[in-house]
Amino acid sequence: MKEAVYKVTFLPSQRTVTAKRGEILLDVLRRESQQVNAVCGGKGNCGKCKALLAEGSEAFPLTLTESRLLTRDEIAAGYRLSCQFKVMTDVRVKTEDPALNSAVSKPPLPKASIREISPQVRVEEFSLCRPDIDDQASDYSRLMSALVTERPGIDRLSLLRRLPHVIRELDYRGRAVLYGSEVIDILPFSNESGIFGVAIDIGTTTLAVYLADLKSGEIVAVRSASNPQSAYGQDVISRIDYAIKRDEGIDELRTAVLTTLNRLIDDLCKGGAVSKERIYDTSIVGNTTMIHILLGISPERIASSPFIPTFTGGKVFESRELDLEESIPNSKIYIMPGISAYVGSDITADILSSGFVEDSGNVLLVDIGTNGEMALKSGGRIFACSTAAGPAFEGGNISQGTIARPGAVDHVWLNGEGVGFSTVDGSYVSGICGSGLIDAIAVMMDAGVVNESGRIKGEHFELDGPAGKVRITRRDIREVQLAKAAIRAGVSVLMDRVGIETRDIDRILLAGAFGNYIDPENALRIGMLPNVPVERVSPVGNAAGLGAVLAVLDSGIRERAESLSSEVHYVELSGRKDFNEIFVENLALREG
């Protein structure tokens, strides 16, 4: 008997796909790269994977989980949880197309971190003697002999196949594009088109992609988008679990991120008026799990003790090996080295671009995200660790939590008339993001609404303004306490390992997009950071992305990255018998 198949139509695009009878809607959305937030990985715990059904909802009754996690208004409007809903008839579902954030500003290059524009890729002009009966040297040896570069060569078979035609078409004069000593492309002699590089930061929540001019050092364009793997779980453990428990789990996760990366790079090229064929170098940073999944390497051993990754060192690949030849066909791809299973190349990049090494004294770097990764420099030594902060600061496990998208409450303050707040882009309230949560809890502490233990007066605290309303519940506050305690406990362990106290910390660097937007004073107020004078706390923006940019502009940065990754002392927190005690001590909402 033939298996029943139904149509699933996405609105407003009207694109239609098919689904098997009884197929979970979340699986359909994932397969078709539709934007959906599944913080819990589709286990029915978070209530975030909401989908608005315009047709077909009645064919599958509301589940108990949906009754518990959806409000009456949401149910009445036609919302269902995509992880619970089974396709039992033709369905029409309203979705958001994965938006590219083209409004991301171009961050300045940290000049202290780059000595000169000296990319791995360069161009060398050549002029060849024409062959004749008395000079039967091969085209290959003729070209290699004409180049000044020491011991040049061609490794790409595709270029070797084109070589006879190209050098004759160019009348034996041209420009060789070299990656180190390898010739990777040949251009006309008169061709003045530039050479470019792409830098990619694969965050657990957000992807950021930069286009850089390898001659001038200018960042030409920047794009970002939500990491589509969020549909499989907000944190790396959820994604590892999906990768190892599904037959094609790792392929699904990999395809999701590659699809979005290809779109982002295409959009970059259009925005910068750059041909994709002129992108010759790409650097990629990310946490160790994200890098493993990108390469199609199982992250299974990362999830369980003794937490062993397949590799952490730097690697160079061809774009076709990573299935990125669609958007960067001529590019080499450099993977920056990481440090351990849970301290990845994003922290290496943070350290290199933030001025961390150059700063004198005791310097603490904290990259705040789903994983709280941190490094502490003291006495010429660097120690690093990672804590499972959880997804609270990215909007996960928060009743009305969201990432920093339009409408997200991003800042909260006390004013003469009560409590004021702002939203991203000034849009109508769509939820509250991490920076807004930290502000709100600090305001609640100052107003006496919540005490040190996290106990709140009443059932919830409501922010109400012209842009709308958002509620913060007891559970929300508890989630923030757990997240901030994990970060603060990790910092405490590093301080203990180094042998310093809070008063000895000369500077705290807050890295990551989230770290750039939080109010340092409020982060200190709730006890997320050591209680140093606020002027010692400096947001450094997306230092991981900037570190990736530096790696395409200065080949010396790669040497520093390799050296640094082997010099950092990794501290495994699970080996500390007193970690839980330290964690509990830092649950309180107080400066300390």
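Modeller: Let's begin with Arg576 and Asp496, whose side chains meet in a salt bridge with an N to O distance of 3.1 Å; the term stands for a side-chain nitrogen of Lys or Arg within 4 Å of a carboxyl oxygen of Asp or Glu. Arg576 sits in the loop between β25 (569-570) and α16 (579-585), while Asp496 belongs to helix α11 (residues 474-498), so this pair ties together parts that are 80 residues apart in sequence. Helices (H or I, at least four residues) and strands (E, at least two) are DSSP runs, numbered from the N terminus. Both partners are partly exposed, Arg576 at 21% relative accessibility and Asp496 at 49%. On this scale buried means under 20% relative accessible area, exposed means over 50%, and partly exposed is in between (1.4 Å probe, protein chains only).

Please keep in mind that this is a predicted model, where local features need pLDDT of at least 70 and side-chain atom pairs count only at pLDDT 80 or more, while totals for chains, interfaces and linings use all residues. Residues are numbered from 1 along each chain as its sequence is written, and side-chain values use heavy atoms, with hydrogens and water left out.

A search of the whole structure finds 29 salt bridges. In one of them, Arg507 pairs with Asp359, and the closest N and O atoms are 2.5 Å apart. Arg507 is in strand β23 (residues 507-511) and Asp359 in the loop between α9 (345-353) and β15 (363-367), so the contact ties together parts that are 148 residues apart in sequence. Asp359 is buried, at 19% relative accessible area, whereas Arg507 is partly exposed, at 26%.

Another salt bridge joins the side chains of Glu32 and Arg15, at 3.1 Å from N to O. Here Glu32 lies in the loop between α1 (25-31) and β3 (50-55) and Arg15 in strand β2, so the pair ties together parts that are 17 residues apart in sequence. Arg15 is partly exposed, with a relative accessible area of 34%.

The backbone beside Arg15 is worth a look too. Most residues other than glycine have a negative phi, and most peptide bonds are trans. The loop between β1 and β2 holds Gln14, a residue other than glycine whose phi is positive, near 70°. Gln14 is partly exposed, at 46% relative accessible area. Pro12 is placed in the loop between β1 (5-11) and β2 (15-20), and the peptide bond from Leu11 to Pro12 is cis, with omega near 10°.

Ser305 and Pro306 are joined by a cis peptide bond with omega about 10°, and Pro306 is in the loop between α8 and β13 (315-318). Asp323, in the loop between β13 and β14 (332-335), has a positive phi of about 60° although it is not a glycine. Its relative accessible area of 38% makes Asp323 partly exposed.

At least two lining residues each come from α6 (236-245), β17 (381-387), α11 and α16. By class, the lining has 14 nonpolar, six polar and two charged residues. The classes are Ala, Val, Leu, Ile, Met, Phe, Trp, Tyr, Cys and Pro as nonpolar, Asp, Glu, Lys and Arg as charged, and the others, Gly among them, as polar.

The search also finds one cavity of 30 Å³ or more. About 70 Å³ of space lies in this largest cavity, and of its 13 lining residues, Thr288, Ile291, Phe311, Thr312 and Gly338 are closest to the centre. Helix α8 (residues 288-294) gives the largest share of that lining, three residues. The cavity lining divides into five nonpolar, eight polar and no charged residues.

For both kinds of space, a 1 Å grid is laid over the protein atoms alone: a cavity is a set of points where a 1.4 Å probe fits but cannot get out, a pocket is an open set with protein on both sides within 12 Å along at least five of seven lines, and lining residues have an atom within 4 Å of a point. Grid points are joined across faces, edges and corners, and a volume is the space filled by probe spheres set on the points.
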